[in-house]
Amino acid sequence: MSYISVFDVLGPDMIGPSSSHTAGAAVIAFMAHKMIAPPLEKVEFTLYGSFSKTYRGHGTDRALLGGIMGFGADDARIRNSFEIADERGLDYSFTPRDTVDDIHPNTVDIRMENAVGRVVTVRGESLGGGKVRISRINGVSVDFTGDYSTAIVVQQDKPGVVAHITKILSDSNVNIAFMRLFREAKGHIAYTIVESDGQFPEGIAEPLRANPNVHDVMIVEL
């Protein structure tokens with residue numbers, strides 16, 4: 001039997017009328033902004049399903065824009081996210097799309113570009129009650145929720161990389177709750193997703209990057 005907490009019933013602290021369309025949207029974008037080095041210069045949001053139909057009325061657009069600037073779901077600045085984004089010179093756009101059959105009805109694709117021209121794409125799904133799932137990074141299918149502190153290691157799929165990751169985390173006394181590897185294909189780009197019960201130690205990304213087959217490390221903590 002699945003467990004439902006009182007917080008699932010009451011919903012999250014949030015700005016906006018809907019835990020799915022505003023709080024969930026803000027959390028997805030907040031997690032996405034942790035996956036690219038600042039400053040962010042351009043962001044494109046592609047909305048599917050009910051997101052695409054109600055994003056203006058439910059404030060999904062404001063929530064996404066606030067989240068991508070680092071505002072939490074309960075941050076009052078979300079109400080003024082358009083004005084703040086304009087003041088910061090952030091180039092943003094929203095494109096509604098018809099839902100395809102194999103996609104969650106509250107889904108957004110986020111394409112981010114920073115000042116040095118690096119591009120990261122993220123797909124997120126709002127599951128209700130402010131809960132979310134990240135289901136794709138740079139076109140690779142992944143699966144994590146942000147309920148735990150999360151380290152995302154982008155690597156070449158080579159022997160020894162996962163052993164390197166686990167050794168660094170063990171030496172740093174990180175208690176691993178879940179650890180999974182997702183990849184495009186054997187020997188290609190892979191993503192090791194590590195979820196921890198506690199926050200990751202300051203500076204943990206640098207020793208993780210020390211392996212020559214590790215391309216990047218992203219730390220996502222809500």
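A residue is called buried when its relative accessible area is under 20%, exposed when it is over 50%, and partly exposed in between (1.4 Å probe, protein chains only). By that cut-off, buried residues account for 46% of the 222 residues in the protein. The model is predicted: local features need pLDDT of at least 70, side-chain atom pairs count only at pLDDT 80 or more, and totals for chains, interfaces and linings use all residues. Residues are numbered from 1 along each chain as its sequence is written, and side-chain values use heavy atoms, with hydrogens and water left out.

View 1. Helices (H or I, at least four residues) and strands (E, at least two) are DSSP runs numbered from the N terminus; the protein has seven helices and ten strands. Two strands pair if DSSP finds at least two bridges between them. Strand β1 (residues 40–49) is antiparallel to β3 over nine bridges, with valine 43 opposite methionine 112 of β3. β4 also runs antiparallel to β3, joined by seven bridges, and arginine 123 in β4 is the bridge partner of aspartate 109. Seven of the nine residues of β3 are buried.

**View 2. The turn between β3 and β4.** The hairpin of β3 and β4 has four residues between its strands, and glycine 117 in the turn has a positive phi of about 90°. Valine 116 lies in this loop, between β3 (106–114) and β4 (119–128). Valine 116 counts as exposed because its relative accessibility is 73%. From valine 116 to proline 39 the C-alpha distance is 8.7 Å, across 77 residues of sequence.

**View 3. The largest nonpolar core.** A nonpolar core is a set of buried Ala, Val, Leu, Ile, Met, Phe, Trp, Tyr and Cys residues joined through side-chain atoms within 4.5 Å. The largest has 46 residues, of which Met35, Ile68 and Ile110 touch the most other members. Helix α2 (residues 19–33) gives the most to this core, with eight residues. Another core of 14 residues lies apart from it, including Val161 and Phe200. Contact means heavy atoms within 4.5 Å; leaving out residues up to four places away in sequence, isoleucine 110 touches residues including Ile28, Val43, Ile68 and Val122.

**View 4. Helix α5 and its cover.** Ser81, Phe82, Ile84 and Ala85 are the buried residues of α5 (residues 81–88). They lie on the same side of α5, because they cover an arc of only 165° around the axis, taken from the directions from the helix axis to the C-beta atoms. Their cover includes α4 (60–68) and β2 (91–97). Just after α5, glycine 89 has a positive phi of about 75°.
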